[in-house]
Amino acid sequence: MSDLQKEVSELERKSATAARLFDIRRIIGGLFVVYGVIVTIAGLSPSDADLKKAEGVHINLWTGLAMLALGLFFLVWMKLRPAEAPAAPEAEPEREREPGSDAG
């Protein structure tokens, strides 16, 4: 029985690792941080034409900072509430059929 318990615990550990690795918050947060850095850098020194189009608002800078904040939010959320592997379904007790019922 000891080998079986070791194997089950190893599979549970691998399942938990896979759940954390493929957490969608990591992907979304990472993409928003990367794109936020790119857009923020682009917004640090806008051309006069870009400012005129945006009616004087540094739209790339503000959008980049918002994307950075959202990406960091997802990554912090992932760290504070890590994903857990789904629990193994427990066997449901079989229901007894009532006499006279036509259930198959």
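1. Confidence in the chain is lowest in helix 1 (residues 2-21), with a mean of 71, and highest in helix 4, at 94. The score here is pLDDT, the predictor's confidence in each residue on a scale from 0 to 100. The chain averages 81, and 70% of the residues score at least 70. This is a predicted model, in which local features need pLDDT of at least 70 and side-chain atom pairs count only at pLDDT 80 or more, while totals for chains, interfaces and linings use all residues. Residues are numbered from 1 along each chain as its sequence is written, and side-chain values use heavy atoms, with hydrogens and water left out.

2. Next, the overall layout. Helices (H or I, at least four residues) and strands (E, at least two) are DSSP runs, numbered from the N terminus. Of the 104 residues, 12% count as buried. Buried means under 20% relative accessible area, exposed over 50%, and partly exposed in between (1.4 Å probe, protein chains only). Among contacts (heavy atoms within 4.5 Å) between residues at least 6 apart in sequence, 75% join residues at least 24 apart.

3. Which residues of helix 2 are buried? They are Arg-25, Gly-29, Gly-36, Thr-40 and Gly-43. These cover an arc of only 65 degrees around the axis, which puts them on the same side of helix 2. The arc is that of the directions from the helix axis to the C-beta atoms. On the face turned away from that buried side, helix 2 carries the exposed residues Ile-38 and Ile-41.

4. What do the buried residues of helix 2 pack against? The partner is helix 4 (59-80). Ala-66 lies in helix 4 and is partly exposed, with a relative accessible area of 47%. The C-alpha atoms of Ala-66 and Thr-40 are separated by 9.2 Å, and the two residues are 26 apart along the chain.

5. Arg-25 deserves a click of its own. This residue sits in helix 2 and is buried, at a relative accessible area of 9%. A search of the whole structure finds 1 salt bridge, meaning a side-chain nitrogen of Lys or Arg within 4 Å of a carboxyl oxygen of Asp or Glu. The side chains of Asp-23 and Arg-25 meet in a salt bridge, at 2.7 Å from N to O. Asp-23 counts as buried too, at 9% relative accessibility. The Arg-25 side chain also reaches the backbone oxygen of Arg-81, at 2.8 Å.

6. Last, a backbone detail at Glu-55. This residue has a positive phi of about 55 degrees although it is not a glycine. Where is Glu-55? Look in the loop between helix 3 (48-53) and helix 4. Glu-55 counts as exposed, at 72% relative accessibility.

Conventions. A polar contact is a pair of N or O atoms within 3.5 Å; within protein, one must be able to donate a hydrogen and the other to accept it, and residues adjacent in sequence count only if both atoms are side-chain atoms.
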